[in-house]
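User: I would like to learn how to read the contacts between parts of a protein model. Could we go through one together?

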Amino acid sequence: MYPPKFGYVIPENIHEAMEFLESHDDSRPLAGGHSLIPMLKLRIIRPSYLVELKTLKDLQGIKKGSEYRIGALTTHYEISKSGIPLLSQTASVIADPQVRNMGTIGGSISNADPLSDYPAPLIATNAKVVVISKRGERSVPFDQFQKDMFTTDLSQGELVKEVVVPAMDGYRTDYEKLERKAGDYAIVGVAVAIKEEEGVVKDVRIGLTAVNNKAMRAKSSEEILMNNALSDDLISKAASAAVEYANPSSDIRGSAEYKKKMVKVMTERALKKVRK
Amino acid sequence: MKVVNANEKVSIKLRINGKDYEDVVEPRKLLVHALRDLGFTGVHVGCDSSNCGACTVIMNGKSVKSCTLLAVEANGADILTIEGLEKDGKLHPIQEGFWEKHGLQCGYCTPGMIMEAYFLLKENPHPTEEEIREGISGNLCRCTGYQNIVEAIKYASEKMNSKTD
């Protein structure tokens, strides 16, 4: 319940924040705080300083052009209300209303909890992460950004500046989350984006979360569906193929065997929902 | 840039229920403890893992779990707690709904539950039963079984809409 002692930094701008984070080993940036503060309260981490990000303008707001550029400090609540295909639906089922009012997309992907929701749509849509540091900006495909559970491509002094998601025009999308109760992490999460022309699948993306160390694309399921009509039979075949991409662990949310079976069930549900 | 070291305290300002407060806190002090120490003991602590929502307050128009914010992080914020809901001794329609529909027993979750209902009805003045249940899914209650809480929020919704429509 009680965090250990730490120092606290209120920077005037992003440059001061990055400078401080780079020069202070063990300092941690504070965004929504809804993973960091719970970890502090359990004393799982003992940072030297927290660096407050909430006022930094470079990390805020959603810009829409041919793609959505989502500032790292954009909250789950704001994303859920902004009509971004697939991502808004996903944001609306993260945790509970109070958590969505504080939690941010930058914080969620930087924390890289393997059970979190965003990685499924981000890997399905080939999202990019813009990383900023004293040396400038770099853009990293989401797949490379997520290195392992709780491990990202971020080095000391780097921050997520924004997440870039394609507009997915002409796609129909769905996120299916299996959970024990409203507000929980996913047992299994499946994100689907599909584009059909004259009843034939022209593009399909399937992203899985909570069943590996990091989110995965179910590539062979996608191949089964490509250039075909979405019949019940084919959907069932593609959903079965998704199971080979799941390597879940047994825990309080269920056995590995159960979770694998649920990958098929949730993939099938998602594909049936996006079928015209 | 302001740097507060681990053994130092920092002075903060909070606007709580329309009145200004100043406090001096360690960076690690949680907002829920700061609020209770300032006298707002209707804000409760029911867990240590951000699940239960007994500490829910409205901060800058949004419901938040005050156990999962630092007091220093809330510096400058406008906060509404259960103590600020009644006006001149007259209960807010949500408070009245919880009384009329028996939406509380031990009363420990009630302040947080009412503040979340306040946020829910501001966002969605005409919620369905399903939307009410989803809307309070961050607030646990061990006594009521939720049924009468849903009724209480429906009562408040109807009363608030009949006033404003």
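User: How many salt bridges does the rule find across the interface of domain 1 of chain B and domain 2 of chain B?

Analyst: A salt bridge here is a side-chain nitrogen of Lys or Arg within 4 Å of a carboxyl oxygen of Asp or Glu. Across the interface of domain 1 of chain B and domain 2 of chain B, the rule finds zero salt bridges. This is a predicted model, in which local features need pLDDT of at least 70 and side-chain atom pairs count only at pLDDT 80 or more, while totals for chains, interfaces and linings use all residues. Residues are numbered from 1 along each chain as its sequence is written, chains are lettered from A and ligands numbered from 1 in the order in which they are written, and side-chain values use heavy atoms, leaving out hydrogens and water.

User: Where are the two domains of chain B?

Analyst: Domain bounds come from an automatic or database domain assignment. For chain B, that assignment gives domain 1 (10-83) and domain 2 (93-162). Their C-alpha centres lie 21 Å apart. Contact means heavy atoms within 4.5 Å, and the contact takes 18 residues from domain 1 of chain B and 14 residues from domain 2 of chain B.

User: What area do domain 1 of chain B and domain 2 of chain B bury between them?

Analyst: The size of an interface is often given as the accessible area lost when the parts come together. Buried area is the accessible area (1.4 Å probe) that two parts lose on being put together, summed over both. Domain 1 and domain 2 of chain B bury about 1,300 Å² between them, with 61% of it on carbon and sulfur atoms. Of the area that domain 1 buries against domain 2, 35% is supplied by B:His44, B:Thr56 and B:Ile82, more than by any other three residues.

User: How many residue pairs are in polar contact across that interface of domain 1 and domain 2 of chain B?

Analyst: A polar contact is a pair of N or O atoms within 3.5 Å; within protein, one must be able to donate a hydrogen and the other to accept it, and residues adjacent in sequence count only if both atoms are side-chain atoms. Between these two domains of chain B the rule finds eight such residue pairs (both at pLDDT 80 or more).

User: Now the two chains. How many salt bridges are counted between chain B and chain A?

Analyst: Between chain B and chain A the count is four salt bridges. B:Glu123 forms a salt bridge with A:Lys81, and their closest N and O atoms are 3.8 Å apart. In the contact, 39 residues of chain B meet 38 residues of chain A. Chain B and chain A bury about 3,200 Å² between them, 59% of it on carbon and sulfur atoms. B:Met1, B:Arg28 and B:Glu73 supply 22% of the area that chain B buries against chain A, more than any other three residues.
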